Amino acid sequence: MAGHEDYSADYAGQHGRFTVIPAAYVFLRRGESVLLQQRAGTGYYDGYWAAGAAGHVEQGESVFSAAIREAAEELGVTILESDLRAVTAMHRTGATGAAIDERLDVFFTCSAWSGEPQLQEDKASDLRWFPLEELPEPVVPHELLVLDLLRSGPVPPVVAYGF
């Protein structure tokens with residue numbers, strides 16, 4: 001194809017680019033309540049409450065497919081792509097300068113699914129519904145930002161965190 005560039009493994013190094021890691025987050029909603037899991041045994045915000053389902057987008061996978069896969073893997077529920085509602089995209093960093101620290105998170109809500117949500121993995125110790133007005137403490141900080149925006153509305157289509 002004319003004009004096609006080869007984006008090889010050397011491309012980032014040759015052009016000074018950094019890596020952005022994409023992730024999908026799914027907040028299951030039941031009325032004004034949201035399903036949260038309490039993280040455990042991961043080394044990342046253990047003891048904090050977080051989205052019921054979330055995880056990295058795998059190579060060759062769309063963010064929608066990642067959201068659906070994570071909901072199945074972490075909660076045992078089936079979600080249709082048409083039932084996912086994009087809430088916001090978050091460009092975030094922990095400002096460490098490490099390549100792995102640059103993230104692009106896409107947050108979805110979902111109010112329709114098949115199956116009863118239950119913990120499926122050992123990276124969480126609890127799973128509960130919470131009213132948006134009565135969130136538990138602590139919540140993973142960048143996820144709390146999105147939950148606060150959902151509560152207060154309107155939610156911007158794109159937000160930045162940590163810059």
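Which residues line the largest cavity? The lining is made up of Gln37, Glu74, Leu119, Gln120, Glu121, Lys123 and Ala124. The structure is a predicted model, in which local features need pLDDT of at least 70 and side-chain atom pairs count only at pLDDT 80 or more, while totals for chains, interfaces and linings use all residues. Residues are numbered from 1 along each chain as its sequence is written, and side-chain values use heavy atoms, with hydrogens and water left out.

That cavity holds about 30 Å³ of space, and the search turns up one cavity of 30 Å³ or more. Here a cavity is a set of points, on a 1 Å grid over the protein atoms alone, where a 1.4 Å probe fits but cannot get out; a pocket is an open set with protein on both sides within 12 Å along at least five of seven lines; and lining residues have an atom within 4 Å of a point. Points are joined across faces, edges and corners, and a volume is the space filled by probe spheres set on them. The cavity lining splits into two nonpolar, two polar and three charged residues (Ala, Val, Leu, Ile, Met, Phe, Trp, Tyr, Cys and Pro count as nonpolar, Asp, Glu, Lys and Arg as charged, and the others, Gly among them, as polar).

Two of the lining residues, Lys123 and Glu74, also pair up in a salt bridge, at 2.8 Å from N to O (a side-chain nitrogen of Lys or Arg within 4 Å of a carboxyl oxygen of Asp or Glu). This pair ties together distant parts of the chain, 49 residues apart: Lys123 sits in the loop between E6 and strand E7 (124-131), and Glu74 in helix H2 (residues 63-75). Helices (H or I, at least four residues) and strands (E, at least two) are DSSP runs, numbered from the N terminus. Glu74 is buried at 3% relative accessible area, whereas Lys123 is partly exposed at 26%; buried means under 20%, exposed over 50% and partly exposed in between (1.4 Å probe, protein chains only). Lys123 has a salt bridge with Glu121 as well, the closest N and O atoms being 3.6 Å apart, and Glu121 is partly exposed at 31%.

Across the whole structure there are ten salt bridges. Glu58, Glu61, Arg69, Glu70 and Glu73 are linked in a network of them. Arg151 and Asp148 make another, at 2.2 Å from N to O; these residues are three apart in helix H3, so about one helical turn separates them.

The largest pocket takes in about 480 Å³ of space. Of its 25 lining residues, Tyr25, Tyr44, Arg92, Arg103 and His142 are the closest to the centre. Two or more lining residues come from each of E1, strand E2 (33-39), strand E3 (49-51), strand E4 (53-56), strand E6 (103-110) and helix H3 (141-152). By class, the pocket lining has ten nonpolar, seven polar and eight charged residues.

Strand E4 also holds Ala53, which is buried at 0% relative accessible area.

What about the surface? Phe18 belongs to the loop between helix H1 (11-15) and strand E1 (21-30) and is exposed, with a relative accessible area of 54%. Together with Val20 and Leu104, Phe18 forms a nonpolar surface patch of about 260 Å² of accessible area. Patches are made of residues with over 30% relative accessible area and no salt bridge, like charges being joined within 9 Å and nonpolar side chains (Val, Leu, Ile, Met, Phe, Trp, Tyr) within 5 Å. Accessible areas come from the Shrake-Rupley method with a 1.4 Å probe, and for residues only the protein chains shown count as cover.
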